[in-house]
Amino acid sequence: MKKSIFYHAGCPVCISAEHDMIALIGAEGVEVVNIGEEKARIAEAESAGVVSVPALVAPNGNVLHINFGASMEDVKG
């Protein structure tokens, strides 16, 4: 089974949502990507349809924007 990908920027809202996603899905079912630290993956997130973080990209490609921490423009700085 393909994993979900949880993108976040490392802010407190994002870290809280990361813990919730891991608790709901399980660590084996979700790849966590901190795009604040892994800037090379910003384009990947945007291509998947992520417009703000935190966001979860489900295995079927649906993007679930969770709370509002930061827009992708803010993350890119």
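**Reading a strand and a helix**

Author: Let us begin with strand β3, residues 52-57, in this predicted model. Six of its six residues are buried, so β3 is largely enclosed by the rest of the structure.

Reader: Which strand pairs with β3, and in which sense?

Author: In a regular strand the side chains alternate between the two faces of the sheet. Here strand β1, residues 4-8, pairs with β3 in the antiparallel sense, over three bridges. Tyrosine 7 stands opposite alanine 55 of β3.

Reader: Where is proline 54 placed, and what peptide bond joins valine 53 to it?

Author: Most residues other than glycine have a negative phi, and most peptide bonds are trans. Proline 54 lies in strand β3, and the bond between valine 53 and proline 54 is cis, with omega about 5°.

Reader: How does one check the length of helix α1?

Author: One compares the expected span with the distance between the end C-alpha atoms. Helix α1 has 14 residues, 12-25, which at 1.5 Å a residue should span 20 Å; its end C-alpha atoms are 20 Å apart, in agreement.

Reader: Which residues of α1 are buried, and which exposed residues does the face turned away from them carry?

Author: Buried here means under 20% relative accessible area. Cys14, Ala17, Glu18 and Met21 of α1 are buried. These four cover an arc of only 110° around the axis, and therefore lie on the same side of α1. The face turned away from that buried side carries the exposed residues Pro12 and Ala23.

Reader: What follows α1?

Author: Glycine 26 follows α1, and its phi is positive, near 100°.

Definitions and conventions
Residues numbered from 1 in each chain as written. Predicted model: local features only at pLDDT ≥ 70, side-chain atom pairs only at ≥ 80, totals over all residues. Heavy atoms only, no water. Helix = DSSP H or I, 4+ residues; strand = E, 2+ residues; numbered from the N terminus. Expected span 1.5 Å × (residues − 1). Buried < 20%, exposed > 50% of the residue type's maximum accessible area, 1.4 Å probe, protein only. Arc of directions from axis to C-beta. Pairing = 2+ DSSP bridges.
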